[in-house]
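Work through the exercises below with the coordinates open. Each task is followed by a stepwise solution.

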Amino acid sequence: MRFFRRKNWEEELSAYLDGELSEADRGELEALLRERPELRVRLEELRGLKSLFSTAAREQSPLDLWPGVRAKILAKSKGRGVLPVRESLLVLLPQLGGRLVPALCALVLVVSVALLAFHSAAPRQELPPLASASPLSLSEEEIFLGGAEETSPESILQFIMAPGPGEELP
Amino acid sequence: MGAGEDVHEPSDSRLVERSLSGELGAFEVLVRRYQGRLLGAVRGMLGLHAEGAEDLTQEVLAKAYFSLPGFRGESSFYTWLYRIAMNRCKDELRRMARHPTGSLEEVFERSAEALRELPADEPAEGEPEERVEARRELVGAALESLPHGQREVLVLKEMEGMSYEEIAGILRCSVGTVKSRLARARSRLRERFAPYFERKEGF
């Protein structure tokens, strides 16, 4: 009975329900509850309320808020001119997309036409496979030496038979 | 990485650091970690106006992203987030007070009656949607009938399951204040719900 006079029992019942009373206070309140049925009724009513709230809390459907949060962050970032590093690309690319694609197409077309024109104007140079020791290999040597127009089978033979630097004829 | 930090579960402070360096993915982890709790708290605070809770919570989280440079780690990240959300809720409630949605008493009576009349299945799969909706509306009306301070402690206790000490930390008040506010909130609601306790199983 000392407990009942000393404490605000409404507070104590509420804290008891939440498991927030000290062991001594809990023992005292439980003794009082055994003696006073009206307090037990109050406690059950509070328990019913608690159950109502906890059930409602459990029923809250889990939602993914991130897509909406991300959209808001990106929208605000654009406004402030500050974007997270990775996201800045994601935002800028779609913006550039409208102009970037036609520009890239035009560039590819110009480069293609230029390459085609250059290719048709330049003399076609077909090199033989490096494995064949044809006189054309020599003519390649001659091109390097600047005498391709004078190449003939005789000159090739002379070239082959000629001593190298520091060599003497037998 | 801090001591004892799980490689797969980076700490809040590490995620904040990474978010500050522009890594939006780190902030995404923080959002997914706390979105459920925060949304529950916002819904509770908005009471019957909870249909706007998702938008408001998203707005709060986006605002938090830009406010990260001001987060000094003096409280937990969630506490900091929660305070931003509650400030925003207060603004929203002030705005809504100018546009009342109807009689709170009517909503309370209607949802309480609906709960009494509908079959009381276990609150799990299979419970009629009308009953879930009626319970949600009743809780919303009950919360809305409380003064702000009492509503806040009740949401933190019942919807978030926090201890008195945690609530005191978040609200920057004493454990005694939490205890008395909670008792007053429950006492007030108990009186209001009294006519319905005769069929307690109905709730």
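**Exercise 1.** Why does A:Asp18 count as buried?

*Solution.* The model is predicted: local features need pLDDT of at least 70, side-chain atom pairs count only at pLDDT 80 or more, and totals for chains, interfaces and linings use all residues. Residues are numbered from 1 along each chain as its sequence is written, chains are lettered from A and ligands numbered from 1 in the order in which they are written, and side-chain values use heavy atoms, with hydrogens and water left out.

Step 1: locate the residue. A:Asp18 sits in the loop between helix H2 (9-17) and helix H3 (23-35) of chain A. Helices (H or I, at least four residues) are DSSP runs, numbered from the N terminus.

Step 2: apply the cut-off. Buried means under 20% relative accessible area, exposed over 50%, partly exposed in between (1.4 Å probe, protein chains only). A:Asp18 has 12% relative accessibility, so the residue counts as buried.

**Exercise 2.** Find the partners of A:Asp18.

*Solution.* Step 1: leave aside neighbours within four places in sequence. A:Asp18 is then in contact (heavy atoms within 4.5 Å) with A:Lys50, B:Lys157, B:Tyr164, B:Leu182 and B:Arg186.

Step 1: pick out polar contacts. These are pairs of N or O atoms within 3.5 Å; within protein, one must be able to donate a hydrogen and the other to accept it, and residues adjacent in sequence count only if both atoms are side-chain atoms. The side chain of A:Asp18 makes one of 2.8 Å with that of A:Lys50. Another, of 2.7 Å, joins the side chains of A:Asp18 and B:Arg186.

**Exercise 3.** How much area do chain B and chain A bury between them?

*Solution.* Step 1: take the area. Buried area is the accessible area (1.4 Å probe) that two parts lose on being put together, summed over both. Here the value is about 4100 Å², with 66% of it on carbon and sulfur atoms.

Step 1: B:Leu24, B:Phe66 and B:Arg190 supply 17% of the area that chain B buries against chain A, more than any other three residues.

Step 2: count residues. Chain B gives 49 residues to the contact and chain A gives 42 residues.

**Exercise 4.** How many salt bridges cross this interface?

*Solution.* Step 1: apply the rule, a side-chain nitrogen of Lys or Arg within 4 Å of a carboxyl oxygen of Asp or Glu. The rule finds six across the interface of chain B and chain A.

Step 1: inspect one. A:Glu45 and B:Arg190 pair through their side chains at 3.2 Å, N to O.

Key:
Helix = DSSP H or I, 4+ residues; strand = E, 2+ residues; numbered from the N terminus.
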